[in-house]
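Please keep the sequence and the structure in view while I talk.

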Amino acid sequence: MFKNDSFSIFIRLCFSVVGTSIIALGIVFFRLSSLRIDPATAADIGISNTFNWYLGNYQLIFKVILFLTFCIFDRSQFGIGTLINMSLPGYIVGYLTPILSRIIFHTFSKSSILEIIILFVFGMLVY
């Protein structure tokens with residue numbers, strides 16, 4: 001489908017960044033809806049809060065360790081998309097959660113079940 005020229009590599013890189021950003025935005029909305037998130041992200045958030053680390057830094061360190069471990073077995077499965085998915089989501093979630101929480105909690109002064117469901121559905125649509 002894609003050739004290996006510089007333009008198609010750039011397009012694939014853009015798709016990977018946009019897709020990863022959309023997934024991270026969905027995680028932010030899941031966190032703000034108070035209806036929980038996936039177990040891996042929940043563990044990352046819990047461990048980073050326990051050690052008082054920034055979420056992006058913790059996820060990057062943890063995923064680099066995993067990356068180095070899996071490189072032993074099969075390097076052909078990893079590319080630039082792997083590096084993007086290793087690094088971006090933690091930083092995007094860590095950056096957007098406080099910003100969007102101020103906006104959402106200012107807009108929704110009292111968290112009713114309807115507002116939580118709206119945030120949850122929006123998070124599912126984005127995720």
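Helix α2, residues 39-50, packs against α3 at an angle of about 115°, and their axes lie 9 Å apart, where axes are lines fitted to C-alpha atoms, for helices over the stretch in contact, and angles run from 0 to 180 degrees between N-to-C directions. The two helices, α2 and α3, are therefore roughly perpendicular to each other, a term that covers 65 to 115 degrees. This is a predicted model, in which local features need pLDDT of at least 70 and side-chain atom pairs count only at pLDDT 80 or more, while totals for chains, interfaces and linings use all residues. Residues are numbered from 1 along each chain as its sequence is written, and side-chain values use heavy atoms, with hydrogens and water left out.

Which residues meet across this pair, α2 and α3? From α2 come Asp 44, Ile 45, Ile 47 and Ser 48, and they meet Leu 55, Tyr 58, Gln 59 and Phe 62 of α3, contact meaning heavy atoms within 4.5 Å. Sorted by class, this contact of α2 with α3 has 5 nonpolar, 2 polar and 1 charged residues.

Turning to α3 itself, residues 55-71, this helix has 17 residues and reaches 24 Å from its first C-alpha to its last, close to the 24 Å expected at 1.5 Å a residue. Its buried residues, meaning those under 20% relative accessible area with a 1.4 Å probe and protein chains only, are Leu 55, Gly 56, Tyr 58, Gln 59, Phe 67 and Cys 71.

Technical notes:
Helices (H or I, at least four residues) and strands (E, at least two) are DSSP runs, numbered from the N terminus. The expected span of a helix is 1.5 Å times one less than its number of residues. Buried means under 20% relative accessible area, exposed over 50%, partly exposed in between (1.4 Å probe, protein chains only). Angles under 35 degrees count as roughly parallel, over 145 as roughly antiparallel, 65 to 115 as roughly perpendicular and the rest as oblique. Ala, Val, Leu, Ile, Met, Phe, Trp, Tyr, Cys and Pro count as nonpolar, Asp, Glu, Lys and Arg as charged, and the others, Gly among them, as polar.
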